[in-house]
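Please look over the sequence and the structure shown here before reading the report on one helix and its surroundings.

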Amino acid sequence: MSLSEIRTRIAKACDEAGRDASEVTLIAVSKVQPDDRVRAVLDEGHRVFGENRVQEAAGKWPGFREAYDGIELHIIGPLQSNKVRQAMELAQYIHSVDRPKIAHAIARIADETGACPRLFLQVNTGEEPQKAGILPGEADAFVKECRDLSLPVEGLMCIPPVEEEASLHFALLAKIAERNGLTGLSMGMSGDFEKAISFGATHVRVGSAIFGARETPAG
Ligand SMILES: *Cc1c(COP(=O)(O)O)cnc(C)c1O
């Protein structure tokens, strides 16, 4: 499916939800995609990309930045403490602030450098043991903790469990965001971004629907 088809589907979903399409940012998730596919999307004029792994992002985006102006990079995968600094240097947004330890590491580096990407706090809405994110019951306290650290919290992010109805998770994330006065909602992937938009998504993270199936699996 082409980028313009995805844009059309986003516009239609916004229309049906009574929202303006300018409220929704399309993050093209380029993890594990060959460079020529990424370049094709850059050549179509798209500039907002998401990467799962800091290492991979560091390998490909500095080069693309030399060739294309105005690239905005979003780190969307789980962070190790020792990768936080590199993630902050590379990305304009981090969607996967998933525990206090990472929030404190970001705050320390932001204090030192005077710069910080915009942040989404990841909520483990399905309470899955293997998945990153703060538990829903601890989310309010985590938002407060991040604000007390003066972190630029833009909103919340979730990845619904694959076997469950995503709507329930989108609604839960929207509710937690609203009661905390947060407007950003990073939710919705290739299979469910229209549904996410109907629940208020401001950032949809779409990979395979734009680039085609990934050739190797990525977490
Ligand atoms: C890979 C990934 C996506 C994109 O998934 P698709 O199903 O290919 O659209 C979105 N969000 C996160 C966190 C991802 O890791």
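## Terms and model

A crossing of two helices is left-handed if the near helix is turned anticlockwise from the far one by less than a right angle, and right-handed if clockwise. Helices (H or I, at least four residues) and strands (E, at least two) are DSSP runs, numbered from the N terminus.

This is a predicted model, in which local features need pLDDT of at least 70 and side-chain atom pairs count only at pLDDT 80 or more, while totals for chains, interfaces and linings use all residues. Residues are numbered from 1 along each chain as its sequence is written, and side-chain values use heavy atoms, with hydrogens and water left out.

Helix α2 spans residues 35-43, and its residues Val38, Val41 and Leu42 are buried (under 20% relative accessible area, with exposed meaning over 50% and partly exposed in between, for a 1.4 Å probe and protein chains only). Seen down the axis of α2, these buried residues fall within an arc of 105°, so they line one face of the helix; the arc is that of the directions from the helix axis to the C-beta atoms. The face turned away from the buried side of α2 carries Asp36 and Asp43, which are exposed.

## Packing against α3

The buried residues of α2 pack against α1 (3-16), β2 (48-51), α3 (54-67) and α9 (208-211), where contact means heavy atoms within 4.5 Å. Towards α3, residues Asp35, Val38, Arg39 and Leu42 of α2 meet Lys60, Trp61 and Phe64.

α2 passes α3 in a right-handed crossing.
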